[in-house]
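Let us walk through this structure together, one region at a time. Please keep the model open beside the text as you read.

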Amino acid sequence: MPTILADSFTAALAKLANDEQKQAKLTAFDLQANPDQPGLQFHRIDKSKDPNFWSVRVSRDIRIIVHKTGASLMLAYVDHHDDAYAWAERRRIETHPATGAVQIVEVRERVEEIAPPATTKFTQPDLPFDTSSAPQGAAPQPLIFDRLAQAELLSIGVPPDWLNDVATATEETFFALAAHLPQEAAEGLLEYAATGILKPAAAPVADPMAHPDTLRRFRVLEGMDELQTALDAPFEKWAVFLHPLQRGVVEREYSGPARVAGSAGTGKTVVALHRVMRVLRLDPDARILLTTFSDPLAAALQRKLAVLSGGRSDIESRVTVASFRKIAEELFALTTGRKAHIADRDTVRGIVEKAANDVKTGFSLRFMISEWENVIDAWRIDSADAYADVPRMGRKNRLGAKQREALWQVFATVRQVLGQRSLFTQASLFAAVTETCSGKTDKPFTHIVVDEAQDLGVPELRFLSAIAPNRSDALFFTGDIGQRIFQQPFSWKGLGIDVRGRSITLKVNYRTSQQIRAMADRLLPQTVRDVDGLEEDRRGTVSVFEGLDPEVIIADSEDAERVAAVTFVRMALADGIPADQIAIFVRSADELPRARAIAEAAELPYRTISSGKLHTEASALVGTMHLAKGLEFRAVLVVACDEGVLPLAARVADVADEFELDEVIATERQLLYVAATRARDRLFVSGVSPGSELIEDLIRLPS
Ligand SMILES: Nc1ncnc2c1ncn2[C@@H]1O[C@H](COP(=O)(O)OP(=O)(O)OP(=O)(O)O)[C@@H](O)[C@H]1O
């Protein structure tokens with residue numbers, strides 16, 4: 001008999017104490033091995049409306065709730081005795097009459113009242129209404145979904161029991177009501193409230209268990225391994241249950257390179273990991289490169305992959321997880337037998353400065369450094385002729401032939417000095433490996449999956465393209481243009497990577513609360529267009545849970561800022577948020593003392609990247625916003641957002657032209673977006689008066 005795992009089971013398991021979890025897992029394994037074995041004690045839940053709910057004894061106090069039909073056994077829930085029974089008595093499992101998906105439906109008559117939680121005060125600026133509680137005696141609130149016919153509500157999966165509540169929902173009852181509905185119905189209603197558009201009904205599926213909405217909460221287990229994976233990491237729901245949109249993207253066959261977009265927290269990394277697993281499953285000869293922007297992010301990917309693979313070494317040995325740079329270094333060493341020495345940015349800048357001293361170009365040093373980094377080095381311009389012809393895409397300063405000639409003297413010297421000292425720049429290392437690999441038919445990997453692809457530069461993308469084999473599904477990218485903080489934009493198509501028609505945007509945010517997402521989204525345009533004209537539309541993204549309003553403060557002094565931040569930290573700790581689920585971010589190392597002072601005043605144990613305490617004790621992370629990439633915490637403070645700090649005055653002063661100024665402002669904005677969207681439940685943003693201009697955008701009311 002197949003065993004089905006429900007997401008309600010893994011979520012409930014995660015809430016039990018460690019020893020209770022261990023015992024529950026043993027019983028779950030016994031159930032999967034043989035549900036008829038004599039030691040298992042089943043009791044029918046007599047008071048349930050669903051005759052198929054049974055309890056199974058785990059220990060004196062713990063019960064697993066299973067849903068048993070002649071055809072299958074489902075692990076539905078686990079809890080202490082009375083709570084487990086109460087859960088089953090209030091639910092039934094049924095196939096939705098319109099969508100055909102299998103749902104766990106709360107029996108409406110057993111839910112006493114639908115009222116917003118008294119402690120939560122929030123406003124949701126993305127929604128067409130104010131969700132803060134209406135004052136006593138105010139006029140009756142307007143109904144939000146009264147224009148939708150019953151058939152329309154059914155088409156997005158609202159269970160028949162709940163049609164009346166949805167039809168009469170007001171802004172005050174909406175979120176409390178959504179918590180009782182199946183996910184697809186809650187998301188569909190949220191999307192409608194935010195955009196006025198009802199998502200089209202999914203195509204009918206003959207087998208209810210194969211319906212995409214069924215698969216997001218129930219999984220038919222293929223063996224013990226799969227149950228082990230799911231139960232060992234009950235917090236990582238995504239290890240087993242994907243959103244239908246995520247699943248679609250993971251399973252699609254692509255006729256060329258594909259790119260998955262989506263704002264922060266929509267599960268792009270999760271999709272990248274599942275794509276890796278899918279390729280490994282389907283192709284026993286696959287050798288995959290899973291790559292990302294930095295070494296810490298690559299390490300995080302490796303950890304998550306271990307969750308997904310259940311730590312199986314036969315799987316992990318076929319995947320190389322490394323940052324772009326690391327993999328280029330390794331391939332260089334492999335093909336040449338030499339180690340590449342890479343000059344850091346300051347060394348290269350010093351060489352440009354020295355070379356510029358000897359030539360009269362009429363251009364500022366700032367301009368020449370920028371031209372070197374973004375044109376000469378990035379595009380590997382190796383001669384005066386090549387420089388004369390290069391289109392200098394996106395650069396606003398036009399350069400005549402004479403000017404290029406003069407500038408080339410500087411750049412030729414820089415190239416020569418680097419050559420004499422046998423130094424690579426990052427870009428030239430990528431170029432060297434690109435050159436060795438491009439002509440070859442035998443490539444090191446069969447598939448390449450790239451996370452944080454928005455921070456790929458020209459040399460990196462060329463490099464990945466050169467090491468990718470000639471097959472349609474060789475390249476799979478995930479990234480969010482809105483989070484680009486390291487690279488200038490350029491045309492992917494121009495480098496032969498054409499993702500048109502294979503570019504998909506994820507819309508359900510699993511990480512950040514409605515309130516935090518809505519506020520952070522104000523920092524970015526609703527649609528972002530890349531150089532190739534591909535548009536990423538952030539509208540219609542919904543978060544699956546709600547939380548407290550973010551706090552945004554412009555204080556009169558650093559002392560006042562600290563007092564407010566300390567209060568925020570103390571409240572988070574008092575509400576049970578552990579120290580290691582708190583982070584304090586600042587724009588640059590100069591502001592780190594302010595972040596540390598907050599942690600110390602709040603008696604919050606903390607670590608910084610340089611404190612070496614990374615894995616030793618449960619401590620908050622204090623670091624720069626660049627470090628925030630790819631991480632997540634329950635509470636985040638972004639402090640010291642002062643005028644001149646964000647955007648960073650030194651960066652603004654460093655720009656070579658108007659184009660670069662726009663770029664700097666955009667990436668500073670994106671940096672704040674990245675830092676703010678690391679928060680799941682609570683966010684605090686502060687600066688000292690007059691404060692960063694970007695703070696104004698955060699608190700600006702939507703027009
Ligand atoms: N299907 C899912 N079910 C439950 N949780 C999910 C699902 N997909 C993603 N998540 C959770 O959502 C959070 C964000 O996921 P992920 O890091 O993949 O997003 P992302 O789009 O890569 O974010 P960012 O762009 O900020 O790096 C994580 O906590 C992840 O566990």
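Predicted model: local features only at pLDDT ≥ 70, side-chain atom pairs only at ≥ 80, totals over all residues.

Residues are numbered from 1 along each chain as its sequence is written.

Let us begin at the ligand. It is surrounded by 22 residues, and the closest are Ala 264, Gly 267, Lys 268, Thr 269 and Tyr 510; a residue is near a molecule if its C-beta atom, placed from the backbone, lies within 6 Å of it. The shell holds six nonpolar, 10 polar and six charged residues. Here Ala, Val, Leu, Ile, Met, Phe, Trp, Tyr, Cys and Pro count as nonpolar, Asp, Glu, Lys and Arg as charged, and the others, Gly among them, as polar. Helix α11 (residues 268-282) contributes the most to this shell, with three residues. Helices (H or I, at least four residues) and strands (E, at least two) are DSSP runs, numbered from the N terminus.

Ser 263 sits in the loop between β9 (258-262) and α11. Ser 263 counts as buried because it has 27 C-beta neighbours inside 10 Å; the cut-offs are 20 or more other C-beta atoms within 10 Å for buried, 12 or fewer for exposed, and in between for partly exposed, with C-beta atoms placed from the backbone.

Now turn to strand β12 (residues 447-450). In a regular strand the side chains alternate between the two faces of the sheet. In β12, His 447 and Val 449 point one way and Ile 448 and Val 450 the other, and all are buried. Strand β10 (residues 288-292) pairs with β12 in the parallel sense over four bridges, and two strands pair if DSSP finds at least two bridges between them. Leu 290 has Val 449 of β12 as its bridge partner. β12 also pairs in the parallel sense with strand β13 (residues 475-478), over three bridges, and Ile 448 is opposite Leu 475 of β13.

Strand β4 (residues 62-68) has six of its seven residues buried. Val 56 stands opposite Ile 64, while Arg 63 faces Asp 79 in β5.

Finally, a few backbone details. Most residues other than glycine have a negative phi, and most peptide bonds are trans. The bond from Leu 646 to Pro 647 is cis, with omega near -10°, and so is the bond from Ser 689 to Pro 690, with omega near 10°. Ser 422 has a positive phi, near 50°, and it counts as exposed because it has 9 C-beta neighbours inside 10 Å.
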